[in-house]
Amino acid sequence: MEILGKEAMKTIKRALMGVLACSGLLFAGAALAVGNSPGGPAVNEINLQPPVTKIAAELYDLHTFMLILCTVIFIGVFGVMFYSVFAHRKSKGYKAANFHESTTVEIIWTVVPFIIVVLMALPATKTVVAMKDTSNADVTIKVTGYQWKWGYDYVKGPGEGISFLSTLSTPRAEVDGREPITDTYLQEVDNPLVVPVNKKIRIITTANDVVHSWYVPAFGVKQDAIPGFVRDTWFKAEKVGTYRGFCTELCGKEHAFMPVVVNVLSDDDYAKWVDDEKKKMAAGADDPNRTYTLAELTERGAKVYAANCAVCHQPTGKGAGQFPALDGSKVANGPIAQHVSIVLKGKGAMPSWAPTLNDVEIASVITFERNSWGNHTGDVLQPKQVADARNGKLPEGGDHLAGAAAAGASDTAASGAAGGASDAAAAGNAAAGASDAAGAAASTPASGAQ
């Protein structure tokens, strides 16, 4: 009885521990709970997002139609099967029949599935053909996938000439779990794509490094972006608002950190945005022939670093995983030519930034890296030097590690020389002492003889 009592107590303790663990999970879930993402997924959403384009509406209707059709087939097939098993079971005296080669049954199970497939294929084919019709677009935008951001170039229509990068803007403190996440966690960017409402937007996709995929559920648009290939799709948003998507192709370490955000504006608001954006581009246009100061390059480089480099090398420059630290590194303190070469050509997991950043941006971010955190080289890289480096003429100098090593070697040599002189003097004194001692020893016997 005592043993049974102990076992019962152990069982009760395990049950209580399980209840406490489940309660902890529930409270943790409540603490981390977030609301619906505006223009994105909703909490506990089990269906497709509400469509805002005709294509998305057709996809939604197709999804519903296929689901109903498959449900009817499931109920019909399994209903007949379960009824047959139950109604003709052996316990009721039924015996299994032996038959084969029923022409009628074979015709039925061939014709009926064929009709079902046709019913499914016709509307699906119609929708797929409509998705591929990119003719007569009002605005054409080139979308380029990078590790890990999106590049947008307006190549035709209102806004032609506008170009920018769209990078995740969720604070790293949220990503690292140091701050509570918000409703737009990993779904917010610094520069969203902006398009007018009720206009046909043609999207041309490609990629700079690996395969990406541009996807906005509310538009019914999902198009792969493949290096060396150009593919296209389109959408016409019928409602003003902000809509969110993401990259749906596993593209590397930061795959989850390259969302798609599209702002759909009215015609008047879009025209104003285009005007403001062009003024901003004209005011902030980089002059590659200008000579910049250290302060100017460092300030600009901090922004370039935050948008492009911090995700791998960390805002503190300490690096993470396969991405080495820049704070105190041999690259940021060594020959400046090696630093420029790595940024332009890439190395290992680091991609080439030559096609992504212009000469001013590269000059500024390298200057920033060589004069930030614990790096205090004082080096200033000018855009003209970057332009020369693109043509094979790398800049000279900037090897502060070699200078430090040479200084250390000089100090060591000087110390060694001083030590050698001291040793020589000591040896001389010792020799003189030995000579005096020998003379004294020689004179002593002579005096005794006298």
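Predicted model: local features only at pLDDT ≥ 70, side-chain atom pairs only at ≥ 80, totals over all residues.
Domain bounds here come from an automatic or database domain assignment. On that basis, domain 1 spans 139-284 and domain 2 spans 294-391, and both give residues to the lining of the second largest pocket, so that pocket lies between them.

Good morning. Residues are numbered from 1 along each chain as its sequence is written, and side-chain values use heavy atoms, with hydrogens and water left out.

Let me begin with the pockets. A pocket is an open set of points on a 1 Å grid over the protein atoms alone, where a 1.4 Å probe fits, with protein on both sides within 12 Å along at least five of seven lines; lining residues have an atom within 4 Å of a point. A volume is the space filled by probe spheres set on the points, which are joined across faces, edges and corners. Helices (H or I, at least four residues) and strands (E, at least two) are DSSP runs numbered from the N terminus.

The largest pocket holds about 1,200 Å³ of space. It is lined by 34 residues, and those closest to its centre are Gly 284, Asp 286, Arg 300, Asn 358 and Glu 361. Which element supplies the largest share of this lining? It is H6, with nine residues. Domain 1 and domain 2 each contribute at least three residues to the lining of the largest pocket. By class, this lining has 14 nonpolar, eight polar and twelve charged residues; Ala, Val, Leu, Ile, Met, Phe, Trp, Tyr, Cys and Pro count as nonpolar, Asp, Glu, Lys and Arg as charged, and the others, Gly among them, as polar.

The second largest pocket has a volume of about 720 Å³. Of its 38 lining residues, Asn 308, Cys 309, Cys 312, His 313 and Phe 323 lie nearest its centre. H6, helix H7 (310-313), helix H9 (336-345) and H10 each give two or more residues to this lining, and H7 provides the largest share, with four. Its class division is 24 nonpolar, ten polar and four charged.

I turn now to the interior. A nonpolar core is a set of buried Ala, Val, Leu, Ile, Met, Phe, Trp, Tyr and Cys residues joined through side-chain atoms within 4.5 Å. Buried means under 20% relative accessible area, exposed over 50%, and partly exposed in between, with a 1.4 Å probe and protein chains only. The largest core has 35 residues, and Tyr 152, Trp 214, Phe 219 and Val 262 are among those with the most contacts inside it. Apart from it lies another core, of 21 residues, including Val 304, Ile 342, Leu 344 and Ala 389.

Val 262 lies in strand E10 and is buried, with a relative accessible area of 0%. Its contacts (heavy atoms within 4.5 Å), not counting residues up to four places away in sequence, include Leu 193, Trp 214, Phe 219 and Thr 242. The C-alpha atoms of Val 262 and Thr 242 are separated by 5.7 Å, although the two are 20 residues apart along the chain.

Finally, is H9 largely enclosed or open? Eight of its ten residues are buried, so H9 is largely enclosed by the rest of the structure. The cover over its buried residues includes helix H8 (330-333), H10 and helix H11 (383-390). After H9 comes Gly 346, with a positive phi near 80°.
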